Amino acid sequence: MKKIIIGLFAVIVLAATMSVSGASAAPETAAKAGPYEGVFHGTVYALDGSKAPMSLDLTHRGNVVNGTVFLGEGLNVDAGLCGSAAIPASSVFANGTTSAVNPRNLSAESTFDVSGITVTVDLDSQISGDQLNAEAKINLPWICGSSPEISGTLQRA
């Protein structure tokens, strides 16, 4: 059972961490490109010091952000008593929305069910010029003993 939870946890982390997911996307409009538009490259870090390369290929029209997240190998996420998982290299499609008041800030919350356990991921990202900074906190049940955090800085290519 613990092995199943760890495996599903790894998939959830990839899908929710550093991606602009969690909010439902409205249809794209003919609006001009927003600040999240472009290709970004950088590194994401877990609290244990593990890291992995990451690339984002994003479009940003109006308040809608869509794109693909590419994660390389090397990131390990420690879920306390619920185990730890090496996140495999892979890619995932992501979408979300920015605030109409501040299009340079994206805050999202995603909720997943892992083997009957509700896991919430809170994502907050800021973009300034060509630099995107993001943090994700994975809120696990108290029994796990810790809520992993992942952060990263990416530069526009």
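**Salt bridges and a buried serine**

Author: In this predicted model, arginine 61 and glutamate 37 form a salt bridge, with their closest N and O atoms 2.4 Å apart.

Reader: Where in the chain are arginine 61 and glutamate 37?

Author: They sit in distant parts of the chain, 24 residues apart. Arginine 61 is in strand β2, and glutamate 37 is in the loop between α1 and β1.

Reader: Is arginine 61 buried, exposed or partly exposed, and why?

Author: Arginine 61 is partly exposed, because its relative accessibility is 24% and that class lies between 20% and 50%. Glutamate 37 is partly exposed too, at 21%.

Reader: How many salt bridges does the structure hold?

Author: Two. Aspartate 130 and arginine 156 also form one, and their closest N and O atoms are 2.8 Å apart. Aspartate 130 lies in the loop between β8 and β9, and arginine 156 lies in strand β10.

Reader: Changing topic: is serine 50 buried or exposed?

Author: Serine 50 is buried, because its relative accessible area is 13% and the cut-off is under 20%. Its place is in the loop between β1 and β2.

Reader: What does serine 50 touch?

Author: Beyond four places in sequence, its contacts include Tyr45, Gly74 and Leu75. Its side chain also makes a polar contact of 2.7 Å with that of aspartate 48.

Reader: Which element has the lowest mean pLDDT?

Author: Helix α1, residues 2-16, with 46. Strand β1 has the highest, 94. Over residues 1-9 the pLDDT is below 50, and over residues 14-29 it stays under 50 as well. For the protein chain, the mean is 78.

How values were computed: Residues are numbered from 1 along each chain as its sequence is written. This is a predicted model: local features need pLDDT of at least 70, side-chain atom pairs count only at pLDDT 80 or more; totals for chains, interfaces and linings use all residues. Side-chain values use heavy atoms; hydrogens and water are left out. pLDDT is the predictor's confidence in each residue, from 0 to 100. Helices (H or I, at least four residues) and strands (E, at least two) are DSSP runs, numbered from the N terminus. Contact means heavy atoms within 4.5 Å. Buried means under 20% relative accessible area, exposed over 50%, partly exposed in between (1.4 Å probe, protein chains only). A polar contact is a pair of N or O atoms within 3.5 Å; within protein, one must be able to donate a hydrogen and the other to accept it, and residues adjacent in sequence count only if both atoms are side-chain atoms. A salt bridge is a side-chain nitrogen of Lys or Arg within 4 Å of a carboxyl oxygen of Asp or Glu.
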